[in-house]
Amino acid sequence: MNNDDSATPLLAEALLDVAALRAETPGCAEVVHVNNAGCGLIPAPVLRPVVEHLELEARIGGYEAAARRSEAVADFYAAIGSLIGSAPQNIAFASSATHAFATGLSAIPFEPGDVILTTRNDFISNQIAFLSLRKRFGVQIVHAPDAPEGGVDVAAMADLMRKHRPRLVAATHIPTNSGLVQPVAEIGRHCRDLDLLYLVDACQSVGQIPLDVEAIGCDMLTATCRKYLRGPRGSGFLYVSDRVLDAGYEPLFIDMHGSRWVAPDRYQPSATAARFEDWEFPYATVLGCAAAARYAERVGVEAGGARALTLAADFRTRLSAIPGIRVLERGAALGALVTFTIEGWEPQPFKAALDARGINSALSFREFAVFDFGDKDVDWCLRLSPHYYNTEEEVAVVASAVAELAGPRGIR
């Protein structure tokens, strides 16, 4: 989303029928859900095909149900592809964003001394995966520095690309521990200029920010379906470019779905991203993900994202005015994740106090973001992440609850 052009997002946001969207979201009647960076509330049109398919499996059998719904299952690839500007054959289903990320990494034939160039604001599991690769294969991990205003210094990262010629460049679009939006397309332009392999984690941005893999310039992109896309848990996807497929990249443990056993000593990988998939599928979940992607398109990712950003900005304004609260976001561009600390509270009791008020939130700890939280000198924070179906009244209710807990009568 172009943050320099506010007119278009505001116009798009005005087209949303929030009341109708909330009516399609059963959870809105139960809780104030501002944990969409954890899991979005599933809307009824997404829930329905999941339940119907499980019922079909119970009636006629799992294999038979999958065969009967094969066209709907195939729409998962078209729906996700449409959402991110990809052809269907470049999409692989995964059980999570982490599974997709690890599968993509496993396709890269790392050798001792190879460099992985990444950033200081990344998802914990990605960084652990890099450390595991260093432990097993002797790769080097280089972290690009941040700019003074927050977020990666792209010019410095480009210098490191030229210096190290990394085997892989990896960046997370929006880290789980803050609302920072990283300039992944700018990074991608440098990767293309230098012909470097580029992997993007879009776990928090898919469904929140319009994505175009060609504009980003990535070779692989990973995401989950349970967050801002509002799909079921246990689902995600991996995008792989034609360049990756044509170069013969394949996962380390390819199976019978992703390849054919053509001779006693030889197998042939699929020509498509199916080579990155496993044979066993949670078909009900796949159908739910397809429905979630189509639902996001109907709502409009730009319109929905603009509203989520507006609500997040309202949160930051309200929270910043509360004594004892420190809002942690830094960066030139911010998404719909809001993180803050509160004086005089331990993490679990504070979250429990919000839970008791029917407010869904999430905790982040220093081990989730060693660099970022180290720079900010915090051990934990609370994360609020609104979506388009949240209301201005809910933002006020949550901010009021935080103010009450932060005050002298708050119970520690």
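A cavity here is a set of grid points, computed over the protein atoms alone, where a 1.4 Å probe fits but cannot get out. By that criterion the structure, which is a predicted model, holds 3 cavities of 30 Å³ or more.

**Largest cavity**
- The space in the largest cavity comes to about 70 Å³.
- Its lining consists of N121, D146, G150, G151, S178, L180, R330, D372, D375 and K376.
- By class, the lining of the largest cavity has 5 charged, 4 polar and 1 nonpolar residues.

**Second largest cavity**
- Residues G207, Y228, A296, V299, G300, V301, G304, G305, H387 and Y388 form the lining of the second largest cavity.
- Two elements, α12 (283–299) and α13 (301–320), each give two or more residues to this lining.
- The largest share comes from α13, with 3 residues.
- The lining of the second largest cavity divides into 5 nonpolar and 5 polar residues, with no charged ones.

**Residue R233**
- R233 sits in the loop that runs between β7 (220–224) and β8 (236–240).
- R233 counts as exposed because its relative accessibility is 62%, and the cut-off for exposed is over 50%.
- Apart from neighbours within four places in sequence, R233 is in contact with C39, R226 and T285.
- Between the C-alpha atoms of R233 and L363 the separation is 19 Å, and these residues are 130 residues apart along the chain.

Note on methods:
Residues are numbered from 1 along each chain as its sequence is written. This is a predicted model: local features need pLDDT of at least 70, side-chain atom pairs count only at pLDDT 80 or more; totals for chains, interfaces and linings use all residues. Side-chain values use heavy atoms; hydrogens and water are left out. On a 1 Å grid over the protein atoms alone, a cavity is a set of points where a 1.4 Å probe fits but cannot get out, and a pocket is an open set with protein on both sides within 12 Å along at least five of seven lines; lining residues have an atom within 4 Å of a point. Grid points are joined across faces, edges and corners, and a volume is the space filled by probe spheres set on the points. Ala, Val, Leu, Ile, Met, Phe, Trp, Tyr, Cys and Pro count as nonpolar, Asp, Glu, Lys and Arg as charged, and the others, Gly among them, as polar. Helices (H or I, at least four residues) and strands (E, at least two) are DSSP runs, numbered from the N terminus. Buried means under 20% relative accessible area, exposed over 50%, partly exposed in between (1.4 Å probe, protein chains only). Contact means heavy atoms within 4.5 Å.
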